[in-house]
2 protein chains.
Amino acid sequence: MPTRLTHLFVRTLREDPVDAEVASHRLLVRAGYIRRQAPGIFAWLPLGLRVRRRIEAIIREEMAAAGAQEVHFPALLPREPYETTGRWEEYGDGIFRLKDRKEADYLLAPTHEEVFTLLVKDLYSSYKDLPLTIYQIQDKYRDEARPRAGLLRGREFSMKDAYSFDYTDAGLDVSYMSQRDAYERIFRRLGLDYAIVKADAGAMGGSRSEEFLHPTAVGEDTFVRSAGGYAANVEAFTTLAPEPLPVDGLAPATVHDTPDTPTIASLVQVANDAHPRPDARPWVAGDTLKNIVLALTHLDGRRELVIVGIPGDRGVDMKRAEVAFAPASVEAATEADFARHPGLVKGYIGPWSAAGAVLGESSSTGIRYVVDPRIGSGTEWITGANEEGRHVFGLVAGRDFVADGTVEVAEVLEGDPAPDGSGPVELARGMEIGHVFQLGRKYAEALGLKVLDENGKLVTVTMGSYGIGVTRIMAVIAESNNDERGLIWPRNVSPFDVHVVAAGRDDSVYAIAEDVVAQLEAAGNDVLFDDRPKVSPGVKFGDAELLGVPLVVVVGRDAAEGRVELWDRRSGEKTAVAIQELPARLAAL
Amino acid sequence: MPTRLTHLFVRTLREDPVDAEVASHRLLVRAGYIRRQAPGIFAWLPLGLRVRRRIEAIIREEMAAAGAQEVHFPALLPREPYETTGRWEEYGDGIFRLKDRKEADYLLAPTHEEVFTLLVKDLYSSYKDLPLTIYQIQDKYRDEARPRAGLLRGREFSMKDAYSFDYTDAGLDVSYMSQRDAYERIFRRLGLDYAIVKADAGAMGGSRSEEFLHPTAVGEDTFVRSAGGYAANVEAFTTLAPEPLPVDGLAPATVHDTPDTPTIASLVQVANDAHPRPDARPWVAGDTLKNIVLALTHLDGRRELVIVGIPGDRGVDMKRAEVAFAPASVEAATEADFARHPGLVKGYIGPWSAAGAVLGESSSTGIRYVVDPRIGSGTEWITGANEEGRHVFGLVAGRDFVADGTVEVAEVLEGDPAPDGSGPVELARGMEIGHVFQLGRKYAEALGLKVLDENGKLVTVTMGSYGIGVTRIMAVIAESNNDERGLIWPRNVSPFDVHVVAAGRDDSVYAIAEDVVAQLEAAGNDVLFDDRPKVSPGVKFGDAELLGVPLVVVVGRDAAEGRVELWDRRSGEKTAVAIQELPARLAAL
């Protein structure tokens, strides 16, 4: 049976909802797919639910093909397992917590590692039971500070989350690749561009971790990619370090007065004016070594200052710094920090002074000094001389100072070389649509999931965690498939295969349209039928464009002559087709 | 592809879980269908999820056949709509409440009348848009004081809840019957016995209300039914009142000393000993009129005493009293209540009127006196004389006293006549598996859902609400379909069509079993295949019985001769079948 617009629970809106910032949100509300219930919380109308179900079906098929088995956990879970792994606290304000009538603590689960681990512990005890990958498609909750962009970042959202269980690292690699391959198949079937980027594992812990990012202007993540195929989250980008250079024969460092040069720009200017290079090449920001004081707060509450040295042509990327120094949190040093360390001359900090090394391995400030990988042995720099208004020129790393290590905190810039040698990178915006993690033994260890191995020895299980945001994917598809007139669904997630519009005032047009609909349904098409008797063709066409079924069949004035119009919503192309050829034409598409 | 027991995420348990009170809970856990996460909160393993999905599919098909459209609401909802209808308070401790990071109030919805009403208000505005029935299958939450019996009464549970919208009472009747008919089809397809009983509308308000009760010993409800087809919840049972009798010619009432007769039994004994009837028929408890003092607490907090007169052969059913006096709450009068009313002589209370006692010391307490419908005009009673140690004999209702009305609070007893004249009723235990309500205009009024009618006049919409407990139904089916060895699923909800057991040590048996499985799958059967190589046939048969797939095919010692055993799990019957005939035999069942 076709779905009739005289019956379907939908109303299209002419106006954009006031709170909609992005196209997907605007169009999904206007076309009657979803409705807001609270910030980041939506109700699903029949059209929205149909698209969601089709996405879910594709995911389920590929999970089954990957040998993953479906289970289902509650959203409401007790505190204890999350307490054991420390996440009850770690999530901070980011989750919904509640108490039952007996004052027992519960949460609305943001992700289910703990209870999947415990379920496997409950059922399985031998290496023979493994490998195992189980998953669910389930509504999850996060109390986002700023729910935004409709379904792109909601507080209630549907996710497919899978978890793999192995007893060897090699087994985990196989399970991981199996899910990773399934994700590639899923996104290809959904018609979604994606970049697989190396990702920081963040709060989930573990080792290997990749994100599937869909390139889109509304994306929340910045990632880098090279023409040669490299892709990484900015947090996971690694700098190509130069080969060590010989230090023999380099001129000794010299200290110069450089008054009023607290910034890199002012320093470069003074350097070029007062201390030009012998060969007249101008000094540039990249020739300077900028030393920045960061304050770490460790998990035990201890505060530690760290000085990071980076080329002066870029800043510190605090997100990269968070990852580099995790699990400590990072902020810029405060005035109070400087006050406690009068040896740090703000604006003129360097690793060396006329008295010798002041930072790094051979110094005695007690402050760790770590540098960007570009500050390699044999490289020469202009940098602070640890005296107000003075800089040192030609300071050589590895000769004049030795840092306590390297660190990846510098901004990534367009044109930086990809670490795999595949050429310069560009920066792009992306939305995370999937994430595969090697969790390793973190959760199994915390919750005591062990199995007996071939030798009868108890070994801790190693796990992977694999997530796809179902409702977010729907928004991302809508975001990348629309024009100014409405949505344009890819065929395999469209709520209907074809949208038939009866466009005319004649009863005969409606009778022929009924016949066309019946033929299309008989040929296996899921048909949306605009059978509204008193609505003008113009309004019907507008609604068809807004709703976004990719194929529209218009039964209009030529219907009596046995012809209808086949309308490709994406290209706008309209073709006259004989009614008897229509089912075959659709099947051929 | 078959599901292999070497791969399926399941473990059967030999021991009953300690907390399982009923067969369904015990067996669903032992057979690896569900696992407890917290009181009344369960995780679903692959087998459990398969049964649940099949039940959902049947419900979805019948909803579609009834013209209902599927939508989906969040579980997490803001307080406001529930505040508007008063249910935020009414639910008391029965729901989960929580706050988000901005201290806004939310609840985990126990049922969704409010937000469905608001969604229709958002989309629709004309009588032409109606009738409309929309539904969801969704996880709901109630903070039960005593979650029990596994899935029978959980705190997280899946429900299909549908809501109908009409603008005329006649329309509501049609929508109501459409859902009611769909429920009958659903329960028939699920193989579930049911009685449709008149129900009290309870907290939902509204007029017509029926429950679908599945008769089962573990049921939480008592209901009455007659051989002639009457069925009602005990709360909704109405008493057949006798025709008024003439009072002329009846002997005048006489007061007698009846020392030490505070109970009906002691009163009947003294009556027979000291005051026998002239015709020597013995006095029985049903000849006495018992007057019981109840204390009502009204919504505004006011406490009111009410005296109810009922035949002495039965007590007050407090659940019926709750309904009779709703929305006030009811309890027995306390000593303090009696102390405030010294005119009430405990154990000897007689008919009363608002003006005071009709017998004994006169007072003007203003206490309402309501009686059971059996206390009809012209009936004669032995009852208290409102004096310590004295009763009145031959007191005639309608002559000697007139009550302030009738009330349905007396216990219903086996043999009571059905109100529709269909004969005596019996009492049965039942579990509520569905509920259909005519909500009327309560929610539409509270939330302002109006549409323009044919005359352009705004009219308030009238609604129905229709619920089926999906997870409870699964438990009820398990409860009514098992034996001491395990579950026995009805075919149309079984997790698999057939369970093939390779029973033998020979590799050839496994090879033939693979072939049998392939043939059955090719014929469209969903096959569970016990391919475990090192498990004894006895253990495999035990697991097959526990898991409860209704048809089992044993590939064993006769396999080499081309024969397998077809085993009917319910009857226990085993038949030798030639392998080439097996698919046809299964298809014929």
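This is a predicted model: local features need pLDDT of at least 70, side-chain atom pairs count only at pLDDT 80 or more; totals for chains, interfaces and linings use all residues.
Student: Ok, let's take one. Which residue does A:Arg441 form a salt bridge with?

Tutor: The partner of A:Arg441 is A:Asp169, and the closest N and O atoms of the pair are 3.0 Å apart.

Student: And where do those two residues sit in the chain?

Tutor: A:Arg441 is in the loop between β23 (425-440) and α10 (442-447) of chain A, while A:Asp169 belongs to helix α6 (residues 169-189) of chain A. The two are 272 residues apart, so the pair links distant parts of the chain.

Student: Switching topic. What domains does chain A have?

Tutor: The domain assignment gives domain 1 (60-209 + 216-221 + 432-478), domain 2 (254-396) and domain 3 (496-588).

Student: What separates the centres of domain 1 and domain 3 of chain A?

Tutor: Taken over C-alpha atoms, those centres are 44 Å apart.

Student: Now chain B. At what angle do helix α2 and helix α11 of chain B cross?

Tutor: Roughly 110°, with the axes of α2 (residues 46-65) and α11 (residues 470-480) coming within 10 Å. Angles from 65 to 115 degrees count as roughly perpendicular, so that is the term for α2(B) and α11(B).

Student: Is that crossing left-handed or right-handed?

Tutor: The crossing of α2(B) and α11(B) is right-handed.

Student: Which residues make the contact?

Tutor: From α2(B) there are B:Gly48, B:Val51, B:Arg52, B:Ile55, B:Glu56 and B:Ile59. From α11(B) there are B:Val470, B:Thr471, B:Ile473, B:Met474 and B:Ile477.

Student: How many of those are nonpolar, polar or charged?

Tutor: The contact of α2(B) with α11(B) has seven nonpolar, two polar and two charged residues.

Student: Last topic, the backbone. Is the peptide bond from A:Leu130 to A:Pro131 cis or trans?

Tutor: That bond is cis, with omega near 0°. A:Pro131 lies in the loop between α5 (113-123) and β8 (132-141) of chain A. The peptide bond from A:Ala326 to A:Pro327 is cis as well, with omega near 10°. A:Pro327 is found in the loop between α8 (318-325) and β17 (329-332) of chain A.

Student: Why point those out?

Tutor: Because most peptide bonds are trans.

Student: And phi? What is the value for B:Glu103?

Tutor: Phi of B:Glu103 is near 70°, which is positive in a residue other than glycine. Most residues other than glycine have a negative phi.

Student: Where is B:Glu103?

Tutor: In the loop between β6 (96-99) and β7 (105-108) of chain B.

Notes. Residues are numbered from 1 along each chain as its sequence is written. Chains are lettered from A and ligands numbered from 1 in the order in which they are written. Side-chain values use heavy atoms; hydrogens and water are left out. Axes are lines fitted to C-alpha atoms, for helices over the stretch in contact, and angles run from 0 to 180 degrees between N-to-C directions. Helices (H or I, at least four residues) and strands (E, at least two) are DSSP runs, numbered from the N terminus. Angles under 35 degrees count as roughly parallel, over 145 as roughly antiparallel, 65 to 115 as roughly perpendicular and the rest as oblique. A crossing is left-handed if the near helix is turned anticlockwise from the far one by less than a right angle, and right-handed if clockwise. Contact means heavy atoms within 4.5 Å. Ala, Val, Leu, Ile, Met, Phe, Trp, Tyr, Cys and Pro count as nonpolar, Asp, Glu, Lys and Arg as charged, and the others, Gly among them, as polar. Domain bounds come from an automatic or database domain assignment. A salt bridge is a side-chain nitrogen of Lys or Arg within 4 Å of a carboxyl oxygen of Asp or Glu.
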